[in-house]
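Please look over the model below before reading my remarks. The points that follow are numbered so that each can be taken up separately.

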Amino acid sequence: MPSPYPKTNDILQGVEFKAPIADNAAHILSAEAIAFLATLHRSFNGTRLQLLQNRKLAQKERDAGKLPDFLPETKHIREDQTWVGPPLSPGLEDRRVEITGPTDRKMVINALNSKVATYMADFEDSSTPTWFNATDGQVNLYDAIRQTIELKSPKKTYQLDLSNDRKLPTLIVRPRGWHLNEYHLWIDGEPISGSLFDFGLYFFNNAKESIARGVGPYFYLPKMEHHLEAKLWNDVFNFSEDYIRISRGTIRATVLIETLPAVFQLDEIIFQLRNHSSGLNCGRWDYIFSYIKSLRNHPSFILPDRAQVNMSVGFMDSYVKRLIYTCHKRQVHAMGGMAALIPIKNDPIANKKAMESVYKDKLREVLAGHDGTWIAHPAIADIALDVFNKYMPGPNQINITRNETAALAVSNNSLLSPFVSGGKVTEKGVRANISIGLGYIEAWLRGTGCVAINFLMEDAATAEVSRSQLNQWVKHGVYTDEGVLIDKRYVSRLLDEEVEKLISNAPRGHKYKEATKFYKPEITDEKYSDFITLPLYEEITKQTATRSINAQKL
């Protein structure tokens, strides 16, 4: 049967690269793959831009006093008890432990060699989207799916453990959020969406190979703020499945509930994804960031030091209960959050305490009813597995409803409650936010989107919490528990002191001065970017050697 789509050369009109394509990525960025990206852009970018504009309007309403609430126009979806998600997809029945991390070659191999059920390969918060990272990550996943991935270093050769017919963890890919562009590929005078670029390349090159190996093209979807953003993804999925002629519902997607507006639309998000839904995830750190960001103009919603905002806090506990109940009512997975702690070498006492903390966190999740959890380091896998194997002997808990009464009682007020028993803002907390935010931004500017700081694996989410707390404390003139006013001058002084400490221990080639330039106005309330990565991304794209390439000549 002839293809119903225009010829590739016709589609490539108006497609332009702003960076060279590496030789090892040529097969990833084939003319056919680029044509698919161009078609996605032309079909869906207009809707994406309108939805991003809707976000800004919603934030203006929140700033003016209209607090988030359940949508009256979708009440019928929430109250209809008859609809459920699709049957579980192959390779996603048991997700008790998922490891996450960036898509560099070593990480991909180590993740797939871990004792976990799935691996979420991340193009988003743990990856700086340099042109190299964006394309090299695609090369690595292409090789991983075909089980040919290997990395040779002077000291060691890294390769997949396929001994004894070992089954590898199921691969799930997280593309960038709707708000990010890919400035190295322009179509008809516009940059392509980073979401469509990451999704499109991975899907086009690997969907059929994944199916042939008994699984499918699976995704994690980040940063959504409205159920219509989930509908856009569903439209993209339907179109993409038809484009390469695979069955509808082959794609599966788990949505990270990591924004405050989204928690009021859980049923709607699952409903919009229909037969592509594979559940929801408690993206806890981004959720705290979104809570602060969404309510930043309201002094009654100020949170204490980040370390005191744990999962037992009112609005966080309500968020978890609501998510688990909704997922199980709709027969899809309710995934737990990230264990950001990593092993502490050379300090057995501190390491024991840290690992006990991980155990308690995973125990809380499994007893609450989660079907699985996240880890950031392979060494944590045994702890998470021990907990889930003991308290969840089956592959999941989808058919078990716990805390139903409490979940049904979750209201607008409980989802917004900022109360933290004994909560304080301290100078130690201010300094920690400065140091963590600076440390992460400095690493990001060097092309590293995931960095260990104080034995915690920090990514963009935790940096955003740090930035947003400082901004809000300055905005509302919060006092520390020592009675010191947190204002622009105070934060600037502590910033100078923390920068000096960081620089004194930094290797040559560090970027702390550049990081400070971006961080200072964000934490002194001179400005507040929607995402700190937006101005940072503009900076790293300047570092790319710009050389326009007409796609028709590839």
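**Notes on the predicted model**

1. Gly279, at 1% relative accessibility, counts as buried, a word that stands here for under 20% relative accessible area, with exposed meaning over 50% and partly exposed the range in between (1.4 Å probe, protein chains only). Gly279 sits in strand β11, which spans residues 277-282; strands (E, at least two residues) and helices (H or I, at least four) are DSSP runs numbered from the N terminus. Leaving aside residues up to four places away in sequence, Gly279 touches Ala253, Thr254, Val255, Val332 and His333, where contact means heavy atoms within 4.5 Å. Gly279 and Ala334 are separated by 55 residues in sequence, yet their C-alpha atoms are 5.8 Å apart in space.

2. On the basis of these remarks: this is a predicted model, in which local features need pLDDT of at least 70 and side-chain atom pairs count only at pLDDT 80 or more, while totals for chains, interfaces and linings use all residues. Residues are numbered from 1 along each chain as its sequence is written, and side-chain values use heavy atoms, with hydrogens and water left out.

3. Helix α9 (residues 266-273) is largely enclosed by the rest of the structure, because 7 of its 8 residues are buried. The buried residues of α9 are Leu266, Asp267, Glu268, Ile269, Ile270, Gln272 and Leu273.

4. Gln147, although not a glycine, has a positive phi of about 60°; Gln147 lies in the loop between α5 (131-145) and β4 (150-152) and, at 35% relative accessibility, counts as partly exposed. Asp188, also a residue other than glycine, has a positive phi near 55°; Asp188 is found in the loop between β7 (181-187) and β8 (190-193) and counts as partly exposed at 45% relative accessibility.

5. How do helices α18 and α19 pack, and at what angle? Helix α18 (residues 488-504) and helix α19 (residues 512-523) pack at about 160°, with their axes 11 Å apart; axes are lines fitted to C-alpha atoms, for helices over the stretch in contact, and angles run from 0 to 180 degrees between N-to-C directions. That makes α18 roughly antiparallel to α19, given that angles over 145 degrees count as roughly antiparallel, those under 35 as roughly parallel, those from 65 to 115 as roughly perpendicular, and the rest as oblique. The contact is made by Val491, Ser492, Leu495, Val499, Leu502 and Ile503 of α18 together with Tyr512, Thr516, Tyr519, Lys520 and Ile523 of α19. These contact residues divide into 8 nonpolar, 2 polar and 1 charged, with Ala, Val, Leu, Ile, Met, Phe, Trp, Tyr, Cys and Pro counted as nonpolar, Asp, Glu, Lys and Arg as charged, and the others, Gly among them, as polar.

6. Helix α17 (residues 460-475) also meets α19: their axes come within 8 Å and cross at roughly 40°, and the two helices are therefore oblique to each other. The contact involves Ser466, Arg467, Leu470, Asn471 and Val474 of α17 and Tyr519, Glu522 and Ile523 of α19. By class, this contact has 4 nonpolar, 2 polar and 2 charged residues.
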